[in-house]
Amino acid sequence: MPSNFRWMRLRPQELALIAITAVWGSTFLLVHWAMQHSDPWFFVGLRFLVAGLVSILIFRHALRGMRWTDIAAGASIGVMIYGGYGLQTLGLQTINSSTSAFLTALYVPMVPFAQWIFFRKRPPAMAFLGAGLAFVGLLLIAGPDAFSLSLGVGETVTLISTIPIVGEIILISVFAGRVDLGRITIVQLLTAGLLGLATMPFVGESLPAFDWAWVIAGVGLGVASCIIQLTMNWAQKSVSPTRATIIYSGEPVWAAVIGRIAGERLPAAALVGGLLVVLGILASELRIVRRRPRDEAPPA
């Protein structure tokens, strides 16, 4: 196979990330539906406590060797999960799943900039182009109000949620290979769940009346969250953050497909905006390579 197409060879880790990206994209609609029967922070707490309990069942033997390093790494990632998913769930009270997914996808072109800040690795020129495309797409998704700088609450908190999501991806790469997979998965999921429940009294939430809707959604998303986080922790040991973000860029597409099947209809401008966001995401990962003339000697 020509060298120019080597990037298309997918390893098992990358195939696993593609699979969880599809699962991740499908969760937006379920959360949006659950928000009609539950408050956001209670639901976030339930979702990740269930995920944590599932991970304990899977990795119960790993708990015996728990180290402070595992706890610190897992807790720091758990805080990012709590912030990212919590604000995203809060936004899904007022915006539909497709819009939420496209707005959340703005974290992907942000990753190269985060790497520049924390790892002193300057992003390529295409990353700036990708950010510009994504910003224009954001304006189209937000609608006419965006041009008067009056984004709604749902759009605003969803945008803010991209910051901890970037932090999650960076931290997973930082700790990958340094800590035990099972221990860090357990700690980060339980941390996110406990923080979600702890937020309830500060925002005036109380326990909702029993409803099978939030029970089924919470348990189902808890299992899905466990699978998603476990796969990310495992795959990003060998898949770089940049490579992983290319794969994660398919998440809003999956969400839009699932949302459309369920009957959601975005305006034409928002669909164009979503396309620009995806194009911006992909452009941010492209590399411009100058071919050397055949008679030009390679540098010493």
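**Salt bridges and a cavity**

Colleague: Why are the side chains of Asp 180 and Arg 183 said to meet in a salt bridge?

Modeller: Their N to O distance is 3.9 Å. A salt bridge requires a side-chain nitrogen of Lys or Arg within 4 Å of a carboxyl oxygen of Asp or Glu, so this pair qualifies. The model is predicted: local features need pLDDT of at least 70, side-chain atom pairs count only at pLDDT 80 or more, and totals for chains, interfaces and linings use all residues. Residues are numbered from 1 along each chain as its sequence is written, and side-chain values use heavy atoms, with hydrogens and water left out.

Colleague: How many salt bridges does this rule give?

Modeller: The count is three. Arg 67 pairs with Asp 70, with 3.2 Å between the closest N and O atoms, and Arg 183 also bridges to Asp 70, again with closest N and O atoms 3.2 Å apart. This second pair connects distant parts of the chain, 113 residues apart: Arg 183 belongs to helix 8 (residues 181-203) and Asp 70 to helix 3 (residues 68-91). Helices here are DSSP runs of H or I with at least four residues, numbered from the N terminus.

Colleague: What makes Arg 67, Asp 70, Asp 180 and Arg 183 a network?

Modeller: Salt bridges link these four residues: Asp 70 bridges to Arg 67, Arg 183 to Asp 70, and Asp 180 to Arg 183.

Colleague: How do you know that the structure holds a cavity of 30 Å³ or more?

Modeller: There is one such cavity, and the largest cavity has a volume of about 70 Å³. Helix 7 (153-175) and helix 8 each give two or more residues to its lining. A cavity is a set of points, on a 1 Å grid over the protein atoms alone, where a 1.4 Å probe fits but cannot get out; lining residues have an atom within 4 Å of a point. Grid points are joined across faces, edges and corners, and the volume is the space filled by probe spheres set on them.

Colleague: Which residues line the largest cavity?

Modeller: Among them are Ile 77, Ile 172, Phe 175, Gly 177, Asn 233 and Lys 237.

Definitions and conventions
On a 1 Å grid over the protein atoms alone, a cavity is a set of points where a 1.4 Å probe fits but cannot get out, and a pocket is an open set with protein on both sides within 12 Å along at least five of seven lines; lining residues have an atom within 4 Å of a point.
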